[in-house]
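Subject: Structure handover

Hello,

Here is the structure I promised to pass on. Please open it first, then read the notes below.

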Amino acid sequence: MNQLVLSACIAEANALRYTPAGIPALDLRLEHESEAIEAGQPRQVKVAVKAVALGAMAETLGKRPIGSAGRFTGFLANPRNGKYAVFHIQAFVQD
C-alpha cells in the first residue's frame, strides 16, 4: 500500500499551473517537525517534502497562505524524469 499521512505546514507554493490536459496543478514544499521515539530514545524530526496537488485540490491549496498547517494525505511517486519521490496530495484537513 502506498499511502502517506503527514502533519505539516505549507512552506512554499509555486503559482498555479495547468497540465497539457488542462488540469490545475500546484507544486509545494511542505515542512514537518515533531518528536519520535527511535530505538527507545526521543529524536527530533524535521523534514521538507516536495509535493504536488492536482485538480480541485490544487485550486484549494493554492488559496491557502504560506504557513497553513494541517494533515495532508496522498501517495508517493517519482516524476517521469526524476529520481526523487514527490508527495501527491489527495486530501487536506486544516489543523
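Some ground rules. This is a predicted model, in which local features need pLDDT of at least 70 and side-chain atom pairs count only at pLDDT 80 or more, while totals for chains, interfaces and linings use all residues. Residues are numbered from 1 along each chain as its sequence is written, and side-chain values use heavy atoms, with hydrogens and water left out.

Salt bridges

A salt bridge here is a side-chain nitrogen of Lys or Arg within 4 Å of a carboxyl oxygen of Asp or Glu. The whole structure has 4 of them.

Start with Arg17. Its side chain meets that of Asp27 in a salt bridge, at 2.9 Å from N to O. Arg17 lies in strand β2 (residues 17–18) and Asp27 in strand β3, so the pair ties together parts that are 10 residues apart in sequence. Strands are DSSP runs (E, at least two residues), numbered from the N terminus. Asp27 is partly exposed, at 25% relative accessibility.

Next, Glu12 and Arg29. Their closest N and O atoms are 3.7 Å apart. Glu12 is partly exposed at 40%. Arg29 is partly exposed too, with a relative accessible area of 27%.

Then look at Glu38 and Arg43. This salt bridge has its closest N and O atoms 2.7 Å apart. Glu38 is partly exposed at 45% relative accessibility, and Arg43 is partly exposed at 46%. Elsewhere, shared partners join Glu12, Arg29 and Glu31 into one network of salt bridges.

Pockets

A pocket is an open set of points on a 1 Å grid over the protein atoms alone, where a 1.4 Å probe fits and protein lies on both sides within 12 Å along at least five of seven lines; lining residues have an atom within 4 Å of a point. Volume is the space filled by probe spheres set on the points, which are joined across faces, edges and corners.

The largest pocket holds about 380 Å³ of space. Its lining has 17 residues, and Asp27, Val52, Pro79, Tyr84 and Val86 lie nearest its centre. Two or more lining residues come from each of β1 (4–13), β3 (24–38), β4 (41–54) and β6 (86–94). By class, the lining has 8 nonpolar, 4 polar and 5 charged residues. For these classes, Ala, Val, Leu, Ile, Met, Phe, Trp, Tyr, Cys and Pro are nonpolar; Asp, Glu, Lys and Arg are charged; the others, Gly among them, are polar.

The second largest pocket holds about 180 Å³. Its lining residues are Arg17, Thr19, Pro20, Ile23, Ala25, Asp27, Val52, Leu54 and His88. Here β3 and β4 are the elements that give two or more residues. The lining divides into 5 nonpolar, 2 polar and 2 charged residues.

One backbone detail

Which residue has a positive phi without being glycine? Ala39, with phi near 55°. Ala39 is in the loop between β3 and β4. Ala39 is exposed, with a relative accessible area of 78%.

Best wishes

Note on methods
Helices (H or I, at least four residues) and strands (E, at least two) are DSSP runs, numbered from the N terminus. Buried means under 20% relative accessible area, exposed over 50%, partly exposed in between (1.4 Å probe, protein chains only).
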